[in-house]
Number of protein chains: 4
Amino acid sequence: MPTLREIAPELAEAGLAVHARGWAFGTAGNFSAVLSREPLSLAISRSGVDKGRLTAEQILAVDGEGRRIEGEGKPSDETVVHLAVVRERDAGAVLHTHSVWNTLLSEAGGDEGGLQIEGFEMLKGLSGVTTHEHAEWVPIIPNTQDYARMSRDAPAALRRHPAAHGLLLRGHGLYTWGRDLAEARRHVEILEFLFEVTGRLYSATGRLKTPRTAATAGGPDGAR
Amino acid sequence: MPTLREIAPELAEAGLAVHARGWAFGTAGNFSAVLSREPLSLAISRSGVDKGRLTAEQILAVDGEGRRIEGEGKPSDETVVHLAVVRERDAGAVLHTHSVWNTLLSEAGGDEGGLQIEGFEMLKGLSGVTTHEHAEWVPIIPNTQDYARMSRDAPAALRRHPAAHGLLLRGHGLYTWGRDLAEARRHVEILEFLFEVTGRLYSATGRLKTPRTAATAGGPDGAR
Amino acid sequence: MPTLREIAPELAEAGLAVHARGWAFGTAGNFSAVLSREPLSLAISRSGVDKGRLTAEQILAVDGEGRRIEGEGKPSDETVVHLAVVRERDAGAVLHTHSVWNTLLSEAGGDEGGLQIEGFEMLKGLSGVTTHEHAEWVPIIPNTQDYARMSRDAPAALRRHPAAHGLLLRGHGLYTWGRDLAEARRHVEILEFLFEVTGRLYSATGRLKTPRTAATAGGPDGAR
Amino acid sequence: MPTLREIAPELAEAGLAVHARGWAFGTAGNFSAVLSREPLSLAISRSGVDKGRLTAEQILAVDGEGRRIEGEGKPSDETVVHLAVVRERDAGAVLHTHSVWNTLLSEAGGDEGGLQIEGFEMLKGLSGVTTHEHAEWVPIIPNTQDYARMSRDAPAALRRHPAAHGLLLRGHGLYTWGRDLAEARRHVEILEFLFEVTGRLYSATGRLKTPRTAATAGGPDGAR
């Protein structure tokens, strides 16, 4: 198990790489790695930092309840999802990205609760997959700002789909993981590739969907 | 408040980053930051310089009427919009980009006078937005080469839409801002992300539009 | 006027920048700058060199008939087009790119002999254009491997369209130019931006076209 | 002929360049160069290494049966395809990429057993092609995890299409080659360019296809 000091620069570099591809613009995205199993502790990127300028100093450590135990700043509200993934999948690292294609597909498949991807050799880049004749079901859960709810929904979806390598939050982004940071980074690249392929197919075949919300916008006359 | 000497390299670096993403090709785009509030003065990129080679020496200072008070060269004609944004929004920095997707969407939503974006988690990257159940209305004003008109239209649109985080000029580009340069850069990334997502949805669903102008082109026989 | 020694590294750098954007893959593209007017001589990239690894040593000098007068290697067969552009437009530099969007549009507009682009602020990045209410007609000439024919067709098209800032060869690529290399580079960025905007509009509105040739391909049975 | 020590850093650099373009994400892709003809030996990238971090130490040497003769680790299962290409085409280097567009087109043309590309000047970037009036037939063979079958199918397709410069595996990726590594890299750029042009045409004209497999996915209820 790495120490915070050891893993922090690697998490920062992973974040910069993801930002360079346009998969975590602004303060979007969170990146974590397990520091200890018993008791559970994680290194995780600080809330609200720009991913294009992420530094090792912006990585802190939290315990199994998401409370800061080392480093500076506030952990992300989504730390609950990182902890859920680590517990459900015995993962060593968790990466959360917001790409254009994962956003579009999380909406396109939202009503069905998931997205099926099959027939592509690139699926073999996912841990344990040995043939392109594999159908990956990427579960999609509703987005929410209620983190207590998210801390129940995320592990429930992972348990319902024990073979899944990723989890989409609708209109929000991807969580993926690996036994270590290298595998988690590989899973990001593989899934984002598969999302672009699938997204371009969906675009060309009329399967993209516009999100509907209960919100009311400012509108042209300031009242709409 | 920064001095011109302090902020100029940071503005130049912001410009290079925006150019690298393809959001300010050629001499397109302008970048400014507030130097003082009373009296108002801005650091702003010089007119007509290539954004792919922007240097700190190409940033000059202007007063509240857009007259040069320090540095070399001519301030952009669009300095009036920067000044309007700073006054209306109490912004510390203003960034103006010309991306493919903001150009296409400024035309697609031009007749309605704006563009509604809702339901995406990335909206939370906009200052003060705390839920994806937010509907951002991005006002779109007509493009014009009449800068006196633009200096009235831009603040009027900002006043009509006090919650807006960006302003589109039709067929032209985006203005966004922040309390400081870091926040303005974050807003560029967030809005350009949302524009790409929205633009791909519009493309796939037949909502892109070709601009119409009164112009007459050269045509195949030299007369058209 | 620069010497070959002075301009060669700048042309190489322009080529690397264009390659980085994906606008001159493989050995595609040619880049030139005027060394003297009377008699006419050009610095131009050597035929058959990889644009991703272009060096100053791969730039040679040719006279007004396209014969090598300094440096190593063979000038491109398309040197005739560079010479035609320099003579017709009094240009100081000429850049030739093969981008995905200029290729697609050169085919889409090929039957009409050109492409009209209007209504976009980015048009003002073209030399002498002062309003977005400008309609740029980009003439498109047939592609040919008959360079004698190309050496007549290219200047004829430029004379028919004296206001044009670029020339497309059908299914082939863009020629643009400037009074110096900096202006030519700006024109590449501006035109490639306008092509991407226009190409995405054409894609979404059913206006892209597949090229037809007289060629017969290998086919699934080796005879088709 | 290069030694393993000489060619390994060049193969690693080629891999990094291909990864940077997004054409070999994760552990996808393999890159080889001939070390000797009689007996045949190849330098080839190790199985399972991340192409975004490929190093010279991750290149090993294999004999004509694909057995490791120098270096560390396991050669890829697809070494059989590299050996087949080298034997059929007398190639000096072979590059295998997984891009979004080659994946989409390998499926779109899969039922016809190939893809025809014609009419583009960029075709002249392929060795021996002297005119855009060339129709390149890119054969597509079924994907399989049965490497004995692949070691028969690949050379058979190359023999049926002796003029082809590339070979697609359906839903999988591209093999291309050259007399040396520089030519193979050029062929990757040229073919990937032509695939993007063709893929955008196919997208806009309803010719992309979703793969069908016999697989059963996890589905929304965990049983689908």
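Predicted model: local features only at pLDDT ≥ 70, side-chain atom pairs only at ≥ 80, totals over all residues.
Residues are numbered from 1 along each chain as its sequence is written, and chains are lettered from A in the order in which they are written. Local features need pLDDT of at least 70, side-chain atom pairs count only at pLDDT 80 or more, and totals for interfaces use all residues.

**View 1. The contact between chain D and chain C.** Here 33 residues of chain D are in contact with 39 residues of chain C, contact meaning heavy atoms within 4.5 Å. The area buried between the two chains is about 2900 Å², with carbon and sulfur atoms giving 59%; buried area is the accessible area (1.4 Å probe) that two parts lose on being put together, summed over both. Glu121(D), Phe193(D) and Arg200(D) supply 19% of the area that chain D buries against chain C, more than any other three residues.

**View 2. The salt bridge between Glu13(D) and Arg53(C).** The count between chain D and chain C is 1 salt bridge, defined as a side-chain nitrogen of Lys or Arg within 4 Å of a carboxyl oxygen of Asp or Glu. In the pair formed by Glu13(D) and Arg53(C), the closest N and O atoms are 3.0 Å apart.

**View 3. The rotation axis.** A rotation of 90 degrees with 0.0 Å of shift along its axis superposes chain D on chain C (RMSD 0.0 Å), by least squares on the C-alpha atoms of residues with pLDDT of at least 70 in both. The two copies are thus related as by a four-fold rotation axis. Of the residues of chain D, Ala204(D) comes closest to the rotation axis, with its C-alpha at 4.8 Å.

Key
Heavy atoms only, no water.
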